[in-house]
Amino acid sequence: MKNHFFISLAAVLALVACNKTASVETMGETVDVHYTLNASTLSKAVADGDGAAANVNRYICEVYTGGTRYMRKVNPVTAGTLQTTFDFKLVKGQTYDLLFWADCAATDGSDLYYNTASLKNVEVLTTQISCTDARDAFFGKDQIALGETQITKTVYLKRPFAQLNIITTDISDIYASEIPGSFLPDAVTLTYQGYTGFNVSTSEVVGNPVTISHTCTPYASLANTSGVTAWTLTMDYVLTTKATESVAISAKDVVDLNWVVKHGTNQITSMDFNSIPLKRNYRTNITGALLTNTATYNVEILPGWTGELNPSI
């Protein structure tokens, strides 16, 4: 009887050991994951060379499970590359959240316009805010629950902000003067309340709005359909809320702007633009004769004489 008990116990221990080994091997099995990312430029923000993602030279992928970051991968690419791929292995039987970001990095691959240490809190580096299309950036996300088969997916990235342009149409009037060099704008300052944080996971801005102010040289000139030369004096990328992806525009995305234009130390004009609507991945243009005021003079010759002069001879 004692001998029979010993044999049974040994069999049980062997079975437990076998099951434990099988369990560890199952949990350690991985699945190949393949993602193709596209920085989609097909949006209302694209009307000319701006917004063509010509400066994007870096793609970032972060993988989270249970709210904890599992891995981070960075793909450097040639500037203007609109597609990249990420390949990696993930342990099956788990659910993963994948976050993606594409932007223009420094030549050494480090952050330039955005702090991307965590894609759950991408921060605008306000010291780098300027009128440059290099600030254009794209984001996306996905969630997968891994089973037995490999994953192959394509994600199209989009912008987290609106593009804001202030365009003057009266630059030809300044050129028509005899001293155009004295009044052509060479510095423009734009000030507004805006957001500086963005969470790719929620597709939403982070924190409260702060005062953003930056000065730049006039961004670009272009000819409109009537042939009159127009100048885009400022171009900005402004983070907006997720609500603006729908038809309605959030109250958070209706902003007031202060705009100061100078030539050297001479202030040409200062204007306030109130209740300007912004919409994610759309372009908002403020256009008009912003540098000049119309002055109308009526010139008339009166036929009657004022009087007579009768000099003595």
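## The chain as a whole

In this predicted model, the secondary structure of the chain comes to two helices and 19 strands. The chain has 313 residues, and buried residues make up 40% of them.

When contacts between residues at least 6 apart in sequence are considered, 69% of these join residues at least 24 apart. The accessible surface of the chain comes to about 17300 Å², and carbon and sulfur atoms account for 55% of that surface.

## The cavity

One cavity of 30 Å³ or more is found in the structure, and the volume of the largest cavity is about 80 Å³. By class, its lining consists of 10 nonpolar residues, one polar residue and one charged residue.

Strand β16, which covers residues 229-239, supplies the largest share of this lining, with three residues. The residues that line the largest cavity include Tyr237, Val238 and Leu239, and also among them are Tyr114, Arg135, Phe161 and Thr196.

## Serine 182

Serine 182 is placed in the loop between α2 (171-175) and β11 (187-194). With a relative accessible area of 35%, serine 182 is partly exposed, because that value falls between the 20% limit for buried residues and the 50% limit for exposed ones.

Once its neighbours within four places in sequence are left aside, serine 182 is in contact with His263 and Asn266. Serine 182 and isoleucine 268 are 86 residues apart in sequence, while their C-alpha atoms are 9.7 Å apart in space.

Methods: Residues are numbered from 1 along each chain as its sequence is written. This is a predicted model: local features need pLDDT of at least 70, side-chain atom pairs count only at pLDDT 80 or more; totals for chains, interfaces and linings use all residues. Side-chain values use heavy atoms; hydrogens and water are left out. On a 1 Å grid over the protein atoms alone, a cavity is a set of points where a 1.4 Å probe fits but cannot get out, and a pocket is an open set with protein on both sides within 12 Å along at least five of seven lines; lining residues have an atom within 4 Å of a point. Grid points are joined across faces, edges and corners, and a volume is the space filled by probe spheres set on the points. Helices (H or I, at least four residues) and strands (E, at least two) are DSSP runs, numbered from the N terminus. Ala, Val, Leu, Ile, Met, Phe, Trp, Tyr, Cys and Pro count as nonpolar, Asp, Glu, Lys and Arg as charged, and the others, Gly among them, as polar. Buried means under 20% relative accessible area, exposed over 50%, partly exposed in between (1.4 Å probe, protein chains only). Contact means heavy atoms within 4.5 Å. Accessible areas come from the Shrake-Rupley method with a 1.4 Å probe; for residues, only the protein chains shown count as cover.
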